[in-house]
Amino acid sequence: MIDAPILGTSGLLIGSVRGLVDDARQVVRRLHDRSVAWVGLGVAPEELEGLDRYFVRSGAEPVVPLTLIERSEVKGLTRFGEVRIPNPTFVESLAWCRSAGVPVAALDPSEDRTAEIFTESIGYVELVRRTVRERSLSRRPPAPSSADEYALEWEARVTAGAGSRRYHEARDLHLVETLRRTAPSGRSVAVVVDRERFERIRDLLRSDRASGAYA
């Protein structure tokens, strides 16, 4: 887990390794210790609703099907600790918000808009190259010395193309603009994202590319 203050505010940006249970526990402790009054999660509204309905409010969790690339990512990550699906950081953060009465918001584009951004950003040739890179990763996942490095290397190897970078940039910019529109000013807020997005979003929050209270 990694975190940094959102400059000029009382906010905190948190990045956690997707799937790693230990990171999820650290994030919840950080939310509690800072007495956070509002939380934004780096997920789509539909995903937030699904996590709430099926994993926070439900008494029985459904089976989560995984693609080949997702199974490979999970398998490689298990060397660093317990791994759960779906991302326990978002599930546990949402559960903490519900129990503490803290408002929580989804900051990513809707699933339909995300699909549009992907199509607008990534052409056929790069899509083929991404597929080849994903298959290569499934056979030879990264073998770094820490979960943090694992998450960063995994992302870098899949999204090496210019179109992929445009896709992630557009998605991250949407998150920052949504944060600036919706986060309450003058209160302690936290934004929780996947580890590989942390630096990009931190840099956007420090830039003038989006307007709002959290500039």
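**Notes on the predicted model**

1. Pro-86 sits in the loop between helix H3 (68-77) and helix H4 (88-100); helices here are DSSP runs of H or I with at least four residues, strands are E runs of at least two, and both are numbered from the N terminus. The peptide bond from Ile-85 to Pro-86 is cis, with omega near -5°.

2. Some housekeeping: this is a predicted model, with local features needing pLDDT of at least 70 and side-chain atom pairs pLDDT 80 or more, while totals for chains, interfaces and linings use all residues. Residues are numbered from 1 along each chain as its sequence is written, and side-chain values use heavy atoms, leaving out hydrogens and water.

3. Have a look at Ser-35, in the loop between helix H1 (21-33) and strand S3 (38-41). Its phi is near 50°, which is positive although Ser-35 is not a glycine. Most residues other than glycine have a negative phi, and most peptide bonds are trans. Ser-35 counts as exposed because its relative accessibility is 55% (buried is under 20%, exposed over 50%, partly exposed in between, with a 1.4 Å probe and protein chains only).

4. Now H6 and helix H8 (residues 162-182): their axes (lines fitted to C-alpha atoms over the stretch in contact, with angles from 0 to 180 degrees between N-to-C directions) come within 9 Å and cross at roughly 90°. The two helices are therefore roughly perpendicular (65 to 115 degrees). Glu-126, Arg-130 and Arg-133 of H6 make the contact with Ala-162, Gly-163 and Ser-164 of H8 (heavy atoms within 4.5 Å).

5. Val-125 also belongs to H6 (residues 124-139). At 49% relative accessibility, Val-125 is classed as partly exposed.

Methods
Angles under 35 degrees count as roughly parallel, over 145 as roughly antiparallel, 65 to 115 as roughly perpendicular and the rest as oblique.
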